[in-house]
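Hi,

Here is the structure we talked about. Please open it alongside this note; my findings follow below.

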Amino acid sequence: MNDVAAGRRARGGGGASRRAERTAISFETARFIERNIPNFEILNEEALQIIEWNAETVLEEIGVNFVENPAALELWKAAGADVTGERVRIPRGLARKLCATAPKTFTQHARNSARNVEIGGRNLVLAPVYGPPFVRDMEGGRRYATIEDFRNFVKLGYMSKWLHHSGGTVCEPTDVPVNKRHLDMLLAHMTLSDKPFMGSVTEPSRAEDSVEMAKILFGNDFVDQNTVMTSLININSPLTFDGIMMGALEVYARANQAAIISPFIVGGAMAPVTVAGTLTQVLAEVLAGVAYSQLIRAGAPVIFGAFVTSIDMNSGAPTFGTPEAAHITYGAGQLARRLGLPYRSGGSFCGSKLPDAQAAYETSNSLNMALLSGVNFMLHACGWLEGGLVSSYEKFVMDADQLGTLHHLAKGIIMDENGQGMDAIREVGPGGHYLGCGHTQANFKSAFWRTDLLDYKPFETWEEEGGRDTQTLANLRVKKMLGDYQAPALDEGINEALNEYVAKKKASMPDAFI
């Protein structure tokens, strides 16, 4: 398979590929964010030590379950854990010791090397919504997602300036069999975008397909020596690691591909209602998950994940943009940094059914919280609606536009000579104005963040143009972006080999919709 791909690359590459690269339209993508502002630290040293102690107590005395995975139980036993049935009790300090081999930062390579991302440190990488089975737009309303919707969202992500990453399951294409849709999704990310992407985790064999397709795209040796995929490994909170997710983690760790080890917690349902109690469980689960990845392969790249929301005690529905979720996100960031791991959390979270004022308030709270908490990889950065059940076309471009504010906030206050502006103050003096001064003329193009979507026109002009609200403007922008889309250049031999792999894999199994 990969030998065939190599041959196709030789026949399809060269001059034709370089000509395609020269003639393809290139859409500007901002470099990943490098923070020049401090992280907000909500927990003092005593609180951090209590939570860390309690998390180790959970691992040692209560333990975690590794279900339907006898090989994992054997690995833990050999490492010194107490294994009884499927319950693994980890001696105090063992998990933290194993976690020490995970890298503090790593590079995820894109097929366009200019779009590589550095995950960890003071960096922030933004990726779109992940996982909704439904989509919504102004014309079609709420409906089940299709593979065409999936491809459209990949195109929008590729063309969005402030997004650094193509993501993974940007929506769940329900018109493709469950056992085959991962192939179409991966093919879309690999051919319709040249940004970094995520692998499949819904079954270990699908993770293996992800690695094999990445080898076709990047080459065997490159994948063996570099990280080209990030995957989302959710923990079944509380304290349960299922065989499917751990099987996918095993595939990626062995291949030196990155995994987000992420508890999935709705406070009061999957964790205690208190902030400190939830943080204790989050840390215990991450410690066990990251440690297991290092048992598979020491040095495999991992990310400390925390997907945490609160619950409406009247309806049982998850709530977003709440102060309690902010407290947990801030605290988990501190715990991740003390553990020396990159941190994943945050997103354009909201519970609203429409891209309306509720969605905007909750999303704004969530995005700013994530920036200040020190998040390094933000999944769900744009497009999230209805508690994660819906990928919204309009909200995707609304959120993607607002991500530009995170880039500018993260710059901090520039205090060089130009930033101090003393020349401008001297030139204008008392009673003047700055519109025409030299300093303004030299800086006006870059001084302020400028939206590509929101309306700042005078009332009369806005009214003449139809009095369009933000959702209407976003709908028009979606149509323009999809109309302007052109695929990034890809070697013809690689493209052919990828399509051949997908066709062969699909033909090898009957359709399954469960």
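Start with helix α11, residues 275-296, in this predicted model. Helix α11 has 22 residues. From first C-alpha to last, α11 reaches 32 Å, close to the 32 Å expected at 1.5 Å a residue. Most of α11 is covered, with 19 of its 22 residues buried. Thr274 caps the N-terminal end. There, a side-chain oxygen of Thr274 lies 3.2 Å from the backbone nitrogen of Gly277.

Next, the aromatics. The structure holds 18 aromatic pairs. One of them joins Phe66 and Tyr292, with ring centres 5.2 Å apart. Their planes are at 55°, between the 30 and 60 degree cut-offs, so the pair is tilted. Tyr292 sits in α11 and Phe66 in strand β2 (residues 64-66), so this pair ties together parts that are 226 residues apart in sequence. Both Phe66 and Tyr292 are buried.

Now look at Phe153 and Tyr393. Their ring centres are 4.4 Å apart and their planes are at 25°, so this pair is stacked. Phe153 belongs to helix α6 (residues 147-159) and Tyr393 to helix α14 (residues 393-410), so the pair ties together parts that are 240 residues apart in sequence. Phe153 and Tyr393 are both buried.

There is also a cluster. Ring pairs link Phe264, Phe307, Phe320, Phe349 and Trp384.

Last, two arginines over rings. Arg92 lies over the face of Trp53, 3.7 Å from the ring centre. Arg142 lies over the face of Phe134, at 3.9 Å from the ring centre.

Best wishes

Notes. Residues numbered from 1 in each chain as written. Predicted model: local features only at pLDDT ≥ 70, side-chain atom pairs only at ≥ 80, totals over all residues. Heavy atoms only, no water. Helix = DSSP H or I, 4+ residues; strand = E, 2+ residues; numbered from the N terminus. Expected span 1.5 Å × (residues − 1). Buried < 20%, exposed > 50% of the residue type's maximum accessible area, 1.4 Å probe, protein only. Polar contact = N/O pair within 3.5 Å; in protein donor to acceptor, adjacent residues only side chain to side chain. Phe/Tyr/Trp six-rings, centres within 6.5 Å; stacked < 30°, edge-to-face > 60°. Lys NZ or Arg CZ within 6 Å of the ring centre and 35° of its normal.
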